[in-house]
Amino acid sequence: MLINSSCMVLLINKMFNKGQYMNVSEQENYTEDMITMLSATVRALGSVLAGNAEIVLHDLRNPIFSIAEIANASVTGRKKGDSVLAGMRTDRAFISAMENKKEPVSLLLDYETFTRDGKSLRSSTALYRDRTGKPYAALCINVDNSGIDEALRVLQSLAGIRTDVMPAIQEEASSEASHDNIEDLMRDIIGTTTASSSSSSRADTKRANLLAVKNMQEKGIFLIKGGVEKAAAALGVSRYTIYNYLDELKTSDE
């Protein structure tokens with residue numbers, strides 16, 4: 001059965017509007033049913049898509065074990081039950097996941113992410129929100145085109161075709177370990193940003209702190225309960241300062 005995009009939007013909006021009139025218990029059951037249906041969607045897509053396209057469903061209600069379903073997991077090396085901390089080195093979807101919006105689904109389409117070993121991926125994410133506008137699930141597609149790019153370079157070489165464009169250089173592999181522990185990951189982030197600071201002046205300290213908070217945000221640390229408080233303790237500032245940093249980062253991106 002084929003459903004065009006307009007019908008799909010109407011269907012999702014209808015389901016979202018229905019959810020607005022549910023009590024807490026009904027909302028929890030509704031959300032659980034949606035997670036189940038989206039998990040089935042991941043398995044269905046994974047059965048037909050090429051192996052270079054990872055499909056992953058995050059249950060954002062439980063970020064410590066957020067991956068509810070995953071297909072073609074070899075793209076990033078993750079598995080079902082992994083934390084959001086086991087994700088990409090950077091993923092702007094985590095920034096949007098911190099925001100409450102009065103829309104059933106938020107789409108972030110065709111943006112670049114990097115795996116922990118520095119491999120570039122093309123990604124798209126759909127964030128699903130409950131009746132309060134809070135995200136509860138993220139359906140992500142991550143495509144690794146490095147094999148295709150390499151095949152094209154080989155074919156061009158065999159055909160004697162020379163190009164002036166150098167092959168894309170993979171971002172320098174990250175030296176960070178694969179952390180599932182939020183404190184260890186924070187120490188790595190702060191150590192990296194502090195090392196890049198040119199001096200210990202107040203302006204440079206704030207700049208380093210902003211960069212550290214930005215990196216923490218992109219890694220999904222603030223989706224985890226107590227993430228803000230842990231970041232404040234690690235940086236030696238108040239939790240209100242962390243919120244101010246987040247507001248400042250949001251304003252700079254607009």
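No aromatic pairs were found: the count for the structure, a predicted model, is zero. A pair of aromatic rings is described by the distance of the centres and the angle of the planes; with a count of zero, neither quantity can be listed here.

The β-structure comprises an open sheet of five strands, ordered β2-β1-β5-β4-β3, with antiparallel pairing. Its edges are formed by β2 (67-71) and β3 (105-114), each of which pairs on one side only.

Strand β5 (residues 135-143) pairs with β1 (residues 53-59) through seven bridges in the antiparallel sense. Within this pairing, alanine 53 has valine 143 of β5 as its bridge partner, and histidine 58 is bridged to alanine 138 of β5. Strand β5 also pairs with β4 (residues 120-129), again in the antiparallel sense, over eight bridges. Alanine 138 of β5 is the bridge partner of leucine 127. Strands β4 and β5 form a hairpin in which five residues separate the two strands. Glycine 133, located in the turn, has a positive phi of about 90°. Because seven of the nine residues of β5 are buried, this strand is largely enclosed by the rest of the structure.

Arginine 78 is located in the loop between β2 and α3 (93-96). The relative accessibility of arginine 78 is 7%, so this residue falls under the 20% limit and counts as buried. Two polar contacts involving its side chain were identified. One joins the side chain of arginine 78 to that of glutamate 54 at 2.7 Å. The other, at 2.9 Å, is made with the side chain of threonine 76.

Helix α2 (residues 24-46) contains 23 residues. At 1.5 Å a residue, the helix should span 33 Å, and its end C-alpha atoms are 33 Å apart, which agrees. The buried residues of α2 are Gln27, Tyr30, Thr31, Met34, Ile35, Leu38, Ser39, Val42 and Gly46. An α-helix has 3.6 residues a turn, so residues three or four places apart point the same way. The buried positions of α2 include Gln27, Tyr30 and Met34, as well as Leu38, Val42 and Gly46.

Key
Residues numbered from 1 in each chain as written. Predicted model: local features only at pLDDT ≥ 70, side-chain atom pairs only at ≥ 80, totals over all residues. Heavy atoms only, no water. Pairing = 2+ DSSP bridges. Helix = DSSP H or I, 4+ residues; strand = E, 2+ residues; numbered from the N terminus. Buried < 20%, exposed > 50% of the residue type's maximum accessible area, 1.4 Å probe, protein only. Polar contact = N/O pair within 3.5 Å; in protein donor to acceptor, adjacent residues only side chain to side chain. Phe/Tyr/Trp six-rings, centres within 6.5 Å; stacked < 30°, edge-to-face > 60°. Expected span 1.5 Å × (residues − 1).
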